[in-house]
Amino acid sequence: MSDFKSEINEIEGIYQIKIDVPFAVKYVCLYLFELEGKKILIDSGLNMGNWKKKLFSAFEQMNISIKDIDYCIISHIHTDHIGLVKILKKKNPELKILMHDITHELLRWQTDNNNLKELEIQARETADQLIKYGMSEEKGNKIIQFFTFWPRFLQYQKPDIEMHDGDTIFDKLKIIWTPGHSFGHICIFYKKKRYLFSGDHILSRITPHIGNFVVPKHLAEEYKDYDFKNILMHYLVSLDKIDNLKPKIIFPGHQEIIYNPHERILEIKEHHKNRLKEISSLIKDNPMTAYRISQIHFGEDLDEMNSYMALSEVLGHLFYLEAEGKVKITERKGKLLYYC
Ligand SMILES: [Zn+2]
């Protein structure tokens, strides 16, 4: 097929399987390598269109079968990383699936039809919040569909091993919980070689989206010490966690392999610092809604999904400033206005 775009690269014993996706990130990268005689796959790819076919023909090109793979470690719940997990397990029941317990719980909750009502209620509450932050009612209402739409691409698969921060595999791979882009996001650190599989936590060209997520009440209660509002703070802490490991090479879920991890982490931190500064000077004695700020930064002609992404990105920064006591809020005609 003419639209077949996939690539297999070998980088110091790590096989990168790079397959195109119909999103702005263009490619999703899975990684396959051997450790202690076992084959380990990082992430399971996207369950959409002919992606499955592309993944299996990549395995074929590498002369391996799904039955040869022993472990699959999932970085986070997004559909381009966890999508095919159930299919992989079905084709190889011996394959051990590993994911963080938060990712497991979110997956279980989002894919259980009995929770559809709760998911809708949560989505409605989130949409009402977004309208308060300045989004139009029309756009806000469409966001509800967006929240209830994506879980349809997920299929439940119970992990064989639930992972937690600091867990190790064969004493060689360390699991690092890195919330920010997604609540249950993990990075996988190959200690001896100082390789890091970063999922979407650290990418080479874009700063990962920092968003507020829809979390079921029981999970929020379980993690009651976790600040569900100040996500940017969690993300920055997660970046430092990685920086402290001093990785030599980062293998991300999209875009290019990163050979200067420390510099890239500094760049991402710098980006957020600048954004915080820009927002502060924009709203200096000039109250405006978070939505207006997002339009100024990201443009006015965005579709619902991108408007939501832009707004939640700005909210990430505003909540960070709010936690530091650097912004004030006032209410006008039912909308919240930020200023400093
Ligand atoms: Zn991704």
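Trainee: Which strands are included in what covers the buried residues of helix α1?
Mentor: Before we start, note that this is a predicted model, where local features need pLDDT of at least 70 and side-chain atom pairs count only at pLDDT 80 or more, while totals for chains, interfaces and linings use all residues. Residues are numbered from 1 along each chain as its sequence is written. Helices (H or I, at least four residues) and strands (E, at least two) are DSSP runs, numbered from the N terminus. The cover over the buried residues of α1 includes β1 (6-11) and β2 (14-20).

Trainee: How wide an arc do the buried residues of α1 cover around the axis?
Mentor: In α1 (residues 51-61), W51, K54, L55 and A58 are buried (20 or more other C-beta atoms, placed from the backbone, within 10 Å; exposed is 12 or fewer, partly exposed in between). They sit on the same side of α1 because the arc, taken from the directions from the helix axis to the C-beta atoms, is only 100°.

Trainee: And which residues are exposed on the other side of α1?
Mentor: Look across the helix from W51, K54, L55 and A58, which are buried. The exposed residues on that other side of α1 are K53 and E60.

Trainee: Which residue just after α1 takes a positive phi?
Mentor: Helix α1 spans residues 51-61. Just after it there is a phi of about 65°, and the residue that takes it is N63.

Trainee: How is α10 oriented relative to α11: roughly parallel or roughly perpendicular?
Mentor: The axes (lines fitted to C-alpha atoms over the stretch in contact, with angles from 0 to 180 degrees between N-to-C directions) of α10 (residues 290-298) and α11 (residues 304-323) come within 8 Å and cross at roughly 115°. Under 35 degrees counts as roughly parallel, over 145 as roughly antiparallel, 65 to 115 as roughly perpendicular and the rest as oblique. Therefore α10 and α11 are roughly perpendicular.

Trainee: How many residues of the contact of α10 with α11 are nonpolar?
Mentor: Contact means C-beta atoms, placed from the backbone, within 7 Å. A290, Y291, I293, S294, H297 and F298 of α10 make it with A310, L311, V314, L315 and L318 of α11. Ala, Val, Leu, Ile, Met, Phe, Trp, Tyr, Cys and Pro count as nonpolar, Asp, Glu, Lys and Arg as charged, and the others, Gly among them, as polar. In this contact none are charged, two are polar, and the nonpolar ones number nine.

Trainee: How is α5 oriented relative to α6: roughly parallel or roughly antiparallel?
Mentor: The axes of α5 (residues 116-132) and α6 (residues 137-149) come within 9 Å, crossing at roughly 150°. That angle is why α5 and α6 are roughly antiparallel.

Trainee: How many residues are charged where α5 meets α6?
Mentor: From α5 come L119, E120, A123, R124, T126, A127, L130 and I131, and from α6 come E137, G140, N141, I143, I144, F147 and T148. Eight of these are nonpolar and four polar, and the charged ones number three.

Trainee: Which residues does F319 touch, not counting those up to four places away in sequence?
Mentor: F319 is found in helix α11. It is buried because 21 other C-beta atoms lie within 10 Å. With that sequence limit, F319 touches K229, N230 and L232.

Trainee: Is D171 buried or exposed?
Mentor: D171 lies in the loop between β8 and β9, and its phi is near 65°, a positive value in a residue other than glycine. With 9 other C-beta atoms within 10 Å, D171 is exposed.

Note on methods: Two residues are in contact if their C-beta atoms, placed from the backbone, lie within 7 Å.
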